[in-house]
Amino acid sequence: MSPRSNSFPVPRSGRLAGSPAVRRDGKWYLVVGSGSVIATDPAFTGELDRFAALMAAADQSVAVLRTAQGDPPASRSRGRR
């Protein structure tokens, strides 16, 4: 993670909020139908790390709120963004 990131971990893999940015094996890739390219710019990948950490924190906050409200497990499934 970048030095500016918060204490929430960046997911090791997965697509970032429905964007073409995908994290695999600790590296960011931009993926489109015709292929993919690795993102190597430290400022750009740092921002991707920061955004992914913020998304993870938001997902965790929503899960806590849903648990506190007593929502059934089916409603706690993560939706697509």
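This is a predicted model: local features need pLDDT of at least 70, side-chain atom pairs count only at pLDDT 80 or more; totals for chains, interfaces and linings use all residues.
Local features require pLDDT of at least 70, side-chain atom pairs count only at pLDDT 80 or more, and totals for chains, interfaces and linings use all residues. Residues are numbered from 1 along each chain as its sequence is written, and side-chain values use heavy atoms, with hydrogens and water left out.

Helices (H or I, at least four residues) and strands (E, at least two) are DSSP runs, numbered from the N terminus. Strands count as paired if DSSP finds at least two bridges between them. R23 stands opposite W28 of β3. Two residues separate β2 from β3 in a hairpin. In this turn, D25 has a positive phi of about 50°. β3 also pairs with β4 (residues 35-38), again antiparallel, over four bridges. L30 has V37 in β4 as its bridge partner. β3 and β4 likewise form a hairpin, with two residues between them.

Helix α1 covers residues 42-69. The expected span is 1.5 Å times one less than the number of residues. For the 28 residues of α1 this gives 40 Å, and the end C-alpha atoms are 40 Å apart, which agrees. D41 caps the N-terminal end: a side-chain oxygen lies 3.1 Å from the backbone nitrogen of A43. G70 follows α1 and has a positive phi, near 75°.

Key
A polar contact is a pair of N or O atoms within 3.5 Å; within protein, one must be able to donate a hydrogen and the other to accept it, and residues adjacent in sequence count only if both atoms are side-chain atoms.
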